[in-house]
Amino acid sequence: MPTYDERLRELEEQLRHDDPGFAEAMSGGTPRTPREYRRHTAWLWLAVGLAALGTGIAVGHGLLTAAGLVVSGAAAHLFDPQRGRLHGRDIPSTR
């Protein structure tokens, strides 16, 4: 059975493999938000989708309105921290 220190080393190596930027920031003493909680891209796509939706409604253009709805809906899925499980990556629960 592995000792406590061996398990910690294995956990550290797994963290370095999964998110090297986060592990490096932690070892440097400046914590960084883990990858699954960084949502800059999601906010950008949501803003683009809502802008297209608003513009489509304002000018009465159905295709632009529909595109805004689709982009906004797709961006909403980017906010899900568990979305990596669909692709075989094990992302820890937020509970």
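Predicted model: local features only at pLDDT ≥ 70, side-chain atom pairs only at ≥ 80, totals over all residues.
Why do Glu12 and Arg16 sit about one helical turn apart? The two residues are 4 positions from each other in helix 1, so about one turn of the helix separates them. How many salt bridges does a search of the whole structure find? The search turns up 1.

## The overall fold

Stepping back, the chain has 4 helices and 0 strands. Following the sequence, you will read the pattern α-α-α-α.

The chain has 95 residues, and 19% of them count as buried. Its accessible surface comes to about 7400 Å², and carbon and sulfur atoms account for 62% of that area. As for how the chain meets itself, take the contacts between residues at least 6 apart in sequence: 32% of these join residues at least 24 apart.

## A nonpolar patch on the surface

Back to helix 1, which spans residues 4–18 and includes Leu8. Leu8 belongs to a nonpolar surface patch, together with Tyr4 and Leu11. Between them, these three residues have about 340 Å² of accessible area.

Is Leu8 itself buried, partly exposed or exposed? Leu8 counts as partly exposed, because its relative accessibility is 39%. A residue needs over 30% relative accessible area to be part of a patch, and Leu8, at 39%, is over that cut-off.

## The two sides of helix 2

Helix 2 covers residues 20–28, and Phe22, Ala23 and Ala25 are buried there. These three lie on the same side of helix 2, because they cover an arc of only 165 degrees around the axis. What do the buried residues of helix 2 pack against? Their packing partner is helix 1.

Now turn the model to view the other side of helix 2, where Glu24, Ser27 and Gly28 are exposed.

Is Ser72 buried or exposed? Ser72 is buried, because its relative accessible area is 10%, and the cut-off for buried is under 20%.

Which residues does Ser72 touch, once those up to four places away in sequence are set aside? The contacts of Ser72 are with Leu46, Gly49 and Leu50.

## Asp80, after helix 4

Our last stop is Asp80, which has its place in the segment after helix 4. Asp80 counts as partly exposed, because its relative accessibility is 36%.

How values were computed: Residues numbered from 1 in each chain as written. Heavy atoms only, no water. Patch = residues over 30% accessible without salt bridge, like charges linked within 9 Å, V, L, I, M, F, W, Y side chains within 5 Å. Areas by Shrake-Rupley, 256 points an atom, 1.4 Å probe, with all protein chains shown as cover. Salt bridge = Lys/Arg side-chain N within 4 Å of Asp/Glu carboxyl O. Buried < 20%, exposed > 50% of the residue type's maximum accessible area, 1.4 Å probe, protein only. Arc of directions from axis to C-beta. Contact = heavy atoms within 4.5 Å.
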